[in-house]
Amino acid sequence: MTDSVQPSPTGAAVAALRPVRSGAGRTWRSQGPYWAILSPLLIILAMFYFAPILEVLWLSFSDPELGFGNYERIVTSDAVLRVFGTTARICAATTVLAVLIGYLIAYAMMHVGPRHRTWMLAFVLIPFWISVLVRAFAWLVLLRTDGPLNDLLVSLGIVSEPLHLVRNELGVVIGMTHYMIPYAVLPILANLQGIDSRLVLAARGLGASARKSFYRVYLPLSVPGIVGAGILVFIFSLGFFVTPAILGGGKTVMVAEFVSIQIMQIAKWGMGAMIAAVLLATVVLMLVVVGRFINLKEMLGAR
Amino acid sequence: MADRDLRLEAISKVYGNLAAVTPTSLTIPKGEFFALLGPSGSGKTTLLMMIAGFVAPTDGALYLGGKPITDDPPEARNFGMVFQGYALFPHMTVRENVRFPLWVRKIAEPEASKRIRNALELVKLEHLADRLPRTLSGGQQQRVALARALVYQPEILLLDEPLGALDRKLRGEVQGELKALHAKLGTTFIYVTHDQDEALSMSDRVAVMRNGEVLQNGTPRELYERPETKFVADFLGESNFITGEVSGWEGGTLVYRAGGELLRQATADRSLSPGQRITLAVRPERIVASPQRNGEGNWLSGRIEAWSYLGKYIGLKVRTDAVGSVNLTMPGWTSDEALVPDKPIWLNWDPGAPVIVRDDR
């Protein structure tokens, strides 16, 4: 799905989606032959996917010693708490911004001709093909204190001294929002395309102004797309590694980077595994809670 | 209230180089049930959308009660609209759908609830007020759309093929209900349809459209009995067309030649002169078939090509030497001789039965 530099947390998010998606109500017996065909795949999945996840879970309880020692750190360690707090804050900001901008783009795409729509879609999708690493460095160049953006703002007299746009949380949010916008645009666009355009006309014909028609008819009908995009963006954001590492300048540590530090630099495998397990549990819990209110299958296009 | 008429003055709509509606002028008096009838692509919906304010006319003007409304946005016109497919808000219950126009108009409680109740009673849907539109049948959805469009007592109700999605039997019922509703409310109804029976049975007046042009507008009876063009004669009901050449006048009756036969036609049009080609339309039910020629009038001989028993009447197709195949219907066949293919037969019609039409095909 995303760049190979940050595969595992995103993979966790996808793994979390899978049980929710496959809850179809047909009987096992009637589908026997199909399961037989699928079984090699299931065995591979079990060996290379579920087994490592179980291994990670086991590590979080067994290293350095058996017990809940690692999990106690959630409440006892300021560092762990800070990392979770930072992650939640950045992900929330990224989600809100990406969904807002994504909605505006999708809305605009719905209201231009088919030719312009194709071009807009191309521009939305082009970033997909550029390495997340390259993009992070590009933002770093653009936003740094003596970068082109600050030069422009200072020379135009809009600000008296350069803004600190990068190597902080703001920089991380900018970089992540940029990365996430396509993930917001696509589900929202799919949803908006499903809205009968005559409904807005009907609202106008019944006496509503353009603004009222939007707020009372169009916007409520696009809520499924907004929520779907929000879930997708938030879950993907939780696992960001490269972008915060580069644009955060080492000061803004998110969960994925924290896990990496625990394992790669100070060899605390149990601690790293615990954080990963908590991340996975959070994602599953979120999907369960949201799934109680909203039809996830429909929202994520799996219907 | 003649001062609340809706007047269209040379209104037109051009898309690129395609004229969706050619300059059209119409006056729709307050309280009339007016139908725009035409095949798909005839511009009837575009015309309705211009009246509603969703489509800006390329040229021309609209007046309501003498006041120009051409530049008013749809929400300022205070017209009710029932869309094709109803366009009910799927995220609102029936009651909320009906409340929507009242909310827009800032009509407060308890007045709003009272009006909603009345509107739902009017369409007999009180018991379904809290259901979502998708749980209702097509006919019920149609009535919700109607209640929603009527709850704010609009001056004019615009209906775009409102019965298009209903099955035939339900259509008949809803047609009756709509007509009763119109009589009860006295609201102007402007009704777009491609169904000629619907237009004829419901409307006070019908405008027949084709290729963006109103060909004829009049009462259903005028349109059926005195169509001005070949298209109108054919689109509204069935017609047989006879082409002939004027040969002269005999008293007040026109004599023309069609396929070697001299036929007579009652007409007030004195401008027709010998040698001129004319087209006549004659309804199948105005032609009488008999085993023998008896008496005066227009008689043509022919042979039966086909016939079908349709319960209420018999449909007969007769091949004539003079004017080709002629379709006719008759209440029954009174002769003892059986109707069999290729049997010789005589056709007769009154000189007043056909209508001279303009050939616009």
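Me: How many residues of chain A are in contact with chain B?

Reply: Contact here means that two C-beta atoms, placed from the backbone, lie within 7 Å. By that rule, 15 residues of chain A are in contact with 18 residues of chain B. Helix 9 of chain A supplies the largest share of chain A's side, 6 residues. Helices are DSSP runs of H or I with at least four residues, strands runs of E with at least two, numbered from the N terminus. Do keep in mind that this is a predicted model: local features need pLDDT of at least 70, side-chain atom pairs count only at pLDDT 80 or more, and totals for chains, interfaces and linings use all residues. Residues are numbered from 1 along each chain as its sequence is written, while chains are lettered from A and ligands numbered from 1 in the order in which they are written.

Me: Happy with that. Which residues of helix 6 of chain B are buried?

Reply: An α-helix has 3.6 residues a turn, so residues three or four places apart point the same way. Buried means 20 or more other C-beta atoms within 10 Å of a residue's own, exposed 12 or fewer, and partly exposed in between, with C-beta atoms placed from the backbone. In helix 6 of chain B (residues 168-185), the buried ones are B:Val174, B:Leu178 and B:His182. They span an arc of only 80° around the axis, taken from the directions from helix axis to C-beta atoms, which puts them on the same side of the helix.

Me: And what is exposed on the other side of helix 6 of chain B?

Reply: Among the exposed residues there are B:Lys169, B:Glu173 and B:Lys184.

Notes:
Expected span 1.5 Å × (residues − 1).
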